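User: Please take a close look at one strand and its pairing partners. Then place that part in the whole chain.

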Amino acid sequence: MHARKRFPLIGISAGLIACQAQADFYEDSSLSLGLRNFYYDRDFKKSDAQKSRVGNWSQGFDLQFKSGYTSGPIQFALETSSQFAYRLDGGGGRGPDSVIPYDRSRKEQAKEYGRSGIAVKVRASKTEVRIGEHRPTLPVAYLDDSRQLVTTYQGATIESKEWDGLTLNAGRFSTFASRESSNREKLYLLGTPDRGSDGLNFAGGTYSFSPSLNVSYFYAQLEDIYKQNYLGLTYVADLGNGYSLKNDLRYYKTTDDGDKLNGDYDNKSLGLMTSLRKGGHAFTIAYQKMDGADPFPLLGYAPQLHLVNWSTIAFYQAEERSWQARYDYDFTSAGIPGLKFMTRYMRGTDIDRGEGMSRGLESERNFVLSYVKQQGALKGLGFEVRNIQIKSRYGSDFDENRVATTYTWRFW
């Protein structure tokens, strides 16, 4: 008799738990549509350039759904994304421009392209496992959102924050979709898509000794291409009277791995950067040194923003020494929140162009003005204008202009 009474109670309890889990899954979910209108123009200056000009004007869409977590000791969540871009103008016959896919047989850019992805997340305590699509910002794998569609990686990762101040990461990426592609491909180094790796394995972490001091270490293996070690140190000193000094040290060592699909590999990169800040002003100087017979390894067109002198031309060539002088101003201090300005000059020397060839030299100058609407209708609407000038002793000289308008529409 008692057992018969107990079974309905168990069923009711299980149903309530399931309903609560379902409520968390939906009630904590969000659906957003990112809009990006992007104009890109690169004007080559040298008379022997293969193309005098490349570029286009495009509209991008990034639809993202993120569920909440179910309740319980082991929790589940889901994320999906669909990216799509449409070329509004330009591109026809102008050649590849690193924004829109280029059909070499037809000698024209695609009119449209896109891709979708899904990720399943599992969480227990402060540890999360993610399987499917990723947009990482790690020292060994980084997304690219500098053009239109965002670089995505496919694989499995785990992130743990069980201990205060310590974040641990590990995982494996098997394929990626670069910023100008609809397709998922094996991971490869820039310029060698025919030599793809079976996967990128990595592990590492960051420990914060205090709010002003943290250290990071990561190890990565791009199977049959390279092994890589990364060490990063950041320290922020309070100088008083509103002044602060941020110092960064970043070091990479990369050697060949396994079958050496890209041959013997040897690169070491050391970057030092310091930024003095007061109010809305920031003054930055940086130095970066490449050692070894090879340039810094880049995964396809994905950037590596942990290089202190990463930029349009990146300053990553073999034996290159580069420095940077930069100034930022946040107009919030002048009563105009959301408006920002940045300018910088970068110069690289001693580029190893090969045996018997003279050393290369290159420079870059940037002006960037951006504004994000802070309140009222269309809050979050952003505008950015970027002007870039590149000069190179043996490479391409060009002027580049980018204009981007962004807005994220949140359905819920």
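**Strand β11 and its partners**

Strands β10 (residues 152-160) and β11 (residues 166-177) run antiparallel and are joined by nine bridges. Strands here are DSSP runs of E, at least two residues long, and helices are runs of H or I, at least four long; both are numbered from the N terminus. Two strands pair if DSSP finds at least two bridges between them.

This is a predicted model: local features need pLDDT of at least 70, side-chain atom pairs count only at pLDDT 80 or more, and totals for chains, interfaces and linings use all residues. Residues are numbered from 1 along each chain as its sequence is written, and side-chain values use heavy atoms, with hydrogens and water left out.

Start with the β10 side. A156 has R172 as its bridge partner in β11. The two strands form a hairpin, with five residues between them. G165 sits in that turn and has a positive phi of about 85°.

β11 also pairs with strand β13 (residues 200-210). That pairing is antiparallel and runs over eight bridges. Here F173 stands opposite L200 of β13.

Strand β12 (residues 185-186) is another partner of β11. Two bridges hold this antiparallel pairing.

Now the whole chain. It has one helix and 23 strands. Its radius of gyration is 24 Å, close to the 22 Å of the globule rule for 412 residues, so the chain is as compact as a globular protein of that length. The radius is taken over C-alpha atoms, and the rule is 2.2 Å times the number of residues to the power 0.38. Along its principal axes, the C-alpha trace spans about 95 × 55 × 50 Å.

Of the 412 residues, 43% count as buried, meaning under 20% relative accessible area with a 1.4 Å probe, protein chains only. Among contacts (heavy atoms within 4.5 Å) with a separation of 6 or more, 58% come from residues 24 or more positions apart.

How values were computed
Buried < 20%, exposed > 50% of the residue type's maximum accessible area, 1.4 Å probe, protein only.
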